[in-house]
Amino acid sequence: MMRVGVVGAGMIGRDHVRRLTSVISGVTVTAVADVDTGAAARVAATTGAAVHPDGLAVVAAEDVDAVVVCSWGDTHETYVLAAVTAGKPVFCEKPLATSPEACLRIVEAEVAHGRRLVQVGYMRRYDTAYRALKNVLDSGTIGAPLMMHCAHRNAGVPAFYQPENTITDTAVHEIDMVRWMFGTEITAVRVLRPRPSRNAGGITDPVLLVLELANEMLVDVEISVNARYGYDIRGEILCENGTVALADQNPITVRREGHLTSPVPADWRERFSAAYDVELREWAAAAVPDGPSAWDGYAAAVVSDAAVQSLRSEERVEITLANRPELYDPTSGDLD
Ligand code: ISE
């Protein structure tokens with residue numbers, strides 16, 4: 001039985017504790033902490049876990065073999081570094097850390113440790129539809145990819161959502177997905193601002209990212225976080241001899257009063273629920289984590305930083321990554 005400590009008992013933390021205890025076998029949650037001790041106590045009560053005064057105490061606890069970090073992004077670096085220092089596997093919700101420099105410190109600590117301990121929660125890599133898209137692409141049946149069109153729409157966003165979160169919290173999923181899907185780096189980004197939505201409430205919304213890839217592909221990403229009608233994730237890849245696209249995910253259609261309708265998911269928890277299950281199941285089962293790595297977390301942070309810069313300036317921003325340590329060689333499966 002793997003004994004997991006969870007740092008952060010907010011929305012995603014609660015959901016992961018439920019998943020770890022009732023969906024996945026072979027895992028028990030033994031320790032929980034949150035700045036809101038009441039929230040930690042409520043989550044701990046669902047599993048019989050101990051409540052610790054803070055995240056560092058969770059990482060250090062003797063009955064914790066592995067750590068899941070779901071706290072506020074700014075705190076991730078501290079807990080992930082503590083876990084790496086303690087030699088404990090750590091699954092960290094995105095972002096790995098809030099700056100490329102902080103991500104690099106994690107990369108360096110892991111390299112010094114000598115083997116992978118860190119996995120970042122970019123769950124799209126575990127989604128059945130995205131995996132099917134990648135299978136078609138990798139089969140070569142429709143030729144080389146040329147462009148991808150993506151849309152990422154939230155019905156709305158919480159009050160704490162900041163203007164730059166359209167990039168750092170939302171578009172960052174496409175940034176990771178694109179690197180994984182095409183096995184190539186993003187070399188430049190430009191963020192354009194279409195006509196602003198009157199639903200936006202102080203946020204630049206929608207925005208359009210144009211990503212340039214090292215293999216000469218272009219990827220456009222529409223981010224619209226006050227779309228009202230539901231949570232909608234779209235993607236279509238144009239290849240030389242055909243296209244492959246995410247289909248609508250709805251299991252049902254409703255015929256009523258002269259209309260044929262299908263429900264749209266309310267939010268990401270609903271849309272990616274199965275992907276989160278697979279992600280944590282594969283993480284818990286792996287002796288060495290083989291999902292999105294600290295290096296992937298670093299690369300996403302660099303691109304995301306460049307996109308924030310472009311959001312402000314509306315200029316094209318070029319991207320340069322540090323030298324990738326051997327530990328993250330693609331042949332080891334990190335960026336295939
Ligand atoms: C949220 O934080 C997530 O990570 C969701 O996956 C994303 O779709 C949403 O836009 C973010 O706010």
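Predicted model: local features only at pLDDT ≥ 70, side-chain atom pairs only at ≥ 80, totals over all residues.

Me: Which residues is Ala245 in contact with, leaving aside its neighbours within four places in sequence?
Reply: Leu133, Gly235 and Glu236. Take Leu133: it is 112 residues from Ala245 along the chain, yet their C-alpha atoms are separated by 6.9 Å.

Me: Now the sheet. What order do the strands of the open sheet have?
Reply: The 6 strands run β3-β2-β1-β4-β5-β6, with parallel pairing. At the edges are β3 (50-51) and β6 (118-120), each pairing on one side only. Helix α1 (residues 11-23) packs on this sheet, touching β1, β2, β4 (66-69) and β5. The direction of α1 makes about 155° with that of β2.

Me: How many bridges join β1 and β2?
Reply: There are 6, between β1 (residues 2-7) and β2 (residues 27-33), in the parallel sense. As one example, Val7 has Ala33 as its bridge partner in β2.

Me: On to charges. How many salt bridges does a search of the whole structure find?
Reply: The general idea is that side chains of opposite charge can pair when their charged atoms come close. Here the search finds 24 salt bridges. One of them joins the side chains of Asp169 and Lys94, at 3.1 Å from N to O. Asp169 is in helix α7 (residues 165-182) and Lys94 is in the loop between β5 and α5, so this pair ties together parts 75 residues apart in sequence.

Me: Which residue does Glu222 meet in a salt bridge?
Reply: Arg153, with 2.6 Å from N to O between the side chains. This pair links distant parts of the chain: Glu222 belongs to strand β10 (residues 218-224) and Arg153 to strand β7 (residues 145-153), 69 residues apart. Glu222 is partly exposed at 23% relative accessibility, while Arg153 counts as buried at 19%.

Me: And what does Asp248 form a salt bridge with?
Reply: With Arg234, where the closest N and O atoms are 3.4 Å apart. Asp248 lies in the loop between β12 (242-245) and β13 (254-256) and Arg234 in strand β11 (residues 232-239), so the parts they tie together are 14 residues apart in sequence. Asp248 is exposed, at 57% relative accessibility, and Arg234 is partly exposed, at 35%.

Me: Which residues are linked in a network of salt bridges?
Reply: Arg125, Asp176, Arg179, Glu185 and Asp296.

Me: Last one: where is Glu93, and which side chain of opposite charge is nearest?
Reply: Glu93 is in the loop between β5 (90-92) and α5 (100-113). Glu93 is buried yet has no salt bridge; Lys94 is the nearest side chain of opposite charge, 6.1 Å away. To count as a salt bridge, a pair must have its nitrogen and oxygen within 4 Å. What Glu93 does have is a side-chain polar contact with the side chain of His16 (2.8 Å). Beyond residues up to four places away in sequence, Glu93 touches several others, including Ile12, Val69, Cys70 and Tyr276.

Key. Residues numbered from 1 in each chain as written. Heavy atoms only, no water. Helix = DSSP H or I, 4+ residues; strand = E, 2+ residues; numbered from the N terminus. Buried < 20%, exposed > 50% of the residue type's maximum accessible area, 1.4 Å probe, protein only. Lys, Arg positive; Asp, Glu negative; His and termini not counted. Polar contact = N/O pair within 3.5 Å; in protein donor to acceptor, adjacent residues only side chain to side chain. Contact = heavy atoms within 4.5 Å. Pairing = 2+ DSSP bridges. Axes fitted to C-alpha atoms, helices over the stretch in contact; angles between N-to-C directions.
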